[in-house]
Amino acid sequence: DLGGSVGRQEATGLGTFFATERFLEIAPLANLARLDGATVAIQGFGQVGLVAAEAFHKAGATIVAVSDSQGGIFSEAGLDLNAALTHKREHGTIVGLPETTTITNEDLLGLDCDILVPSALGNQIRRDNATQIKAKLVVEAANAPTTPAGDDVLSERGIVVLPDILVNAGGVTVSYFEWVQNFENQAWALDDINLRLRHKMNRAVDAVVDCWQRLRADNDRDGRAGSKAYADLRTAALVVAVRRVAKATLQRGIWP
């Protein structure tokens, strides 16, 4: 009655998918060029993980594993997400879904898959287990799922990480859309909101990848090829953010 917005509940998971899809479109990895046919393991099967899983599946990816607080399930052939959701509603957990193998959350992190999506808790990938990660791309849908020490290990091993500050921004983006709609006394359609979200996420990924590539080129030019210094996507995302704030502050001045 007082406003609000459709699409907010799904926004973080959908934004995770948009960011991953866009990244592979403009900066495909040597051993991972697109989502179609990719294998995906998702830690978490809640509001973020479930929506992301459904979006990845629709894009042609195979969801080989998901998990909740009680454990995880794995199927090399791919999970039936509808069956998993029904099982969780009936039993309070996805563990025990017929024709799947029960695994731990720790096991899920070390699965041999193309894309790993930690979408549950923080501090899941650490120095002590980052050496076990086999995914080609880690997509941080949760807040701070990788510790700084874990980040260093992944970087040293050449595993690309799409950082949380970029990946899970879909939620707060649609919260902003909600504020705009309330302020203007409007109610946008779901398709319109999702289109606007995709546009925002694509532009953000484009800016971060462009900065990332420039930083890597600077490393190569300065004779630091292979160096992790200033050459990862997390650093690039933070550089983009700080630059935007700095430029706005310089143009506006200290206000009020």
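**Figure 1. His 199, a partly exposed residue in helix α8.** His 199 has a relative accessible area of 47%, so it counts as partly exposed. (Buried is under 20% relative accessible area, exposed is over 50%, and partly exposed is in between, using a 1.4 Å probe and protein chains only.) You'll find His 199 in helix α8; helices here are DSSP runs of H or I with at least four residues, strands are runs of E with at least two, and both are numbered from the N terminus. Now look across to Gly 110: its C-alpha atom is separated from that of His 199 by 33 Å, and the two residues are 89 residues apart along the chain. A quick note on what you're looking at: this is a predicted model, where local features need pLDDT of at least 70, side-chain atom pairs count only at pLDDT 80 or more, and totals for chains, interfaces and linings use all residues. Residues are numbered from 1 along each chain as its sequence is written, and side-chain values use heavy atoms, with hydrogens and water left out.

**Figure 2. The whole chain, zoomed out for a moment.** The chain has nine helices and seven strands. Its C-alpha trace spans about 60 × 60 × 30 Å along the principal axes. For 256 residues, a compact globule would have a radius of gyration near 18 Å, and the chain agrees with its 19 Å. (That radius is taken over C-alpha atoms, and the globule rule is 2.2 Å times the number of residues to the power 0.38.) Of the 256 residues, 47% count as buried. Take the contacts, meaning heavy atoms within 4.5 Å, between residues at least 6 apart in sequence: 60% of them join residues at least 24 apart.

**Figure 3. Asn 129, tucked into a loop.** Is Asn 129 buried or exposed? Asn 129 is buried, with a relative accessible area of 4%, and it lies in the loop between β5 (115-118) and β6 (137-139). A polar atom of its side chain lies 2.8 Å from the backbone oxygen of Gln 124. The backbone nitrogen of Arg 126 lies 2.6 Å from a polar atom of the Asn 129 side chain. Leaving out residues up to four places away in sequence, Asn 129 touches Glu 106, Leu 109 and Gln 124.

**Figure 4. Two loop residues with a positive phi.** Most residues other than glycine have a negative phi. Ala 144 isn't a glycine, yet it has a positive phi of about 50°. Ala 144 sits in the loop between β6 and α5 (148-156) and is partly exposed, at 37% relative accessible area. Asn 185 also isn't a glycine, and its phi is positive too, at about 55°. Asn 185 is in the loop between α7 (170-184) and α8, and at 73% relative accessibility it counts as exposed.

Figure 5. (On a 1 Å grid over the protein atoms alone, a pocket is an open set of points with protein on both sides within 12 Å along at least five of seven lines; lining residues have an atom within 4 Å of a point. Points are joined across faces, edges and corners, and the volume is the space filled by probe spheres set on them.) Of its 13 lining residues, the closest to the centre are Leu 166, Ala 169, Lys 200, Ala 204 and Arg 244. Which helix gives the most to the lining? It's α8, with five residues.

Methods: 1 Å grid on protein atoms, 1.4 Å probe; cavity = no way out; pocket = protein on both sides within 12 Å on 5 of 7 lines; lining within 4 Å. Polar contact = N/O pair within 3.5 Å; in protein donor to acceptor, adjacent residues only side chain to side chain.
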